[in-house]
Amino acid sequence: MGGFFRLTSRQNERGESSLDRFTRELERAAETGGYIVMLVEHSLADCLAYNSAPHLKHKFSHIKVSPEHIFHNLRALLHQFPLSFQALFVDGRSRAANAVVKLLGAGPAIKRCDLQWLLDSGQLTFEESNGTR
């Protein structure tokens, strides 16, 4: 199974963008039968509402490109690598950490699931140690 990655906005020493590097990782995963889940530490609703909700601006103040551009690239990657990649918006670092543990434990079964739909419908949870969601 592939790994879990978080995109950054930095360029590497060869001047490649994060998108270029991530696309190469997805190509390697597709070639080797691997699978990559990109965990996003914000909810999908917050990411989609970024432009229209002033109270979210502080959460995303580090972003230098538009949400439209990010989601355009994400959709393109999801279409280009449908059998080896999906994104999961989990809303919080602790949930993301719990998601890594749970998804690694699930093994190849995650390839057959729409993880975002399962999370949004309440069929998949990433419980905190104190029992809260």
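This is a predicted model: local features need pLDDT of at least 70, side-chain atom pairs count only at pLDDT 80 or more; totals for chains, interfaces and linings use all residues.
Residues are numbered from 1 along each chain as its sequence is written, and side-chain values use heavy atoms, with hydrogens and water left out. Helices (DSSP runs of H or I, at least four residues) and strands (runs of E, at least two) are numbered from the N terminus.

**Aromatic pairs**

- Two aromatic pairs turn up in a search of the whole structure; rings of Phe, Tyr and Trp (its six-membered ring) pair if their centres lie within 6.5 Å, with planes under 30 degrees apart called stacked, over 60 edge-to-face and the rest tilted.
- F22 and F85 form an edge-to-face pair, because their ring centres are 5.5 Å apart and their planes stand at 70 degrees.
- This pair links distant parts of the chain, since F22 sits in helix α1 (residues 18-32) and F85 in strand β3 (residues 85-89), 63 residues apart.
- F22 is buried at a relative accessible area of 4%, and F85 is buried at 2%; buried means under 20% relative accessible area, exposed over 50%, and partly exposed in between (1.4 Å probe, protein chains only).
- F71 and F89 are stacked, as their ring centres lie 6.1 Å apart with the planes at 20 degrees.
- With F71 in helix α3 (residues 67-80) and F89 in strand β3, the pair ties together parts that are 18 residues apart in sequence.
- F71 counts as buried at 13% relative accessibility, and F89 likewise counts as buried at 9%.

- Strand β2 (residues 36-40) is mostly covered, with five of its five residues buried.
- Both of its faces are covered: I36, M38 and V40 are buried on one side, V37 and L39 on the other.
- β2 pairs with β3 in the parallel sense over five bridges; two strands pair if DSSP finds at least two bridges between them.
- M38 stands opposite A87 of β3.

**The second largest pocket**

- The second largest pocket holds about 160 Å³ of space.
- Eleven residues line the second largest pocket, and the closest to its centre are F89, V90, D91, L119 and D120.
- α2 (44-48) and α5 (115-120) are the elements that give two or more residues to this lining, and α5 has the largest share with three residues.
- A pocket here is an open set of points on a 1 Å grid over the protein atoms alone where a 1.4 Å probe fits, with protein on both sides within 12 Å along at least five of seven lines; lining residues have an atom within 4 Å of a point.
- The volume is the space filled by probe spheres set on the points, which are joined across faces, edges and corners.

**Cysteines**

- The structure holds zero disulfides (pairs of cysteine sulfur atoms within 2.5 Å).
- C47 is buried, with a relative accessible area of 9%, whereas C113 counts as partly exposed at 30% relative accessibility.

**Helix α4**

- V101 belongs to helix α4 (residues 93-106), and V101 is exposed at a relative accessible area of 62%.
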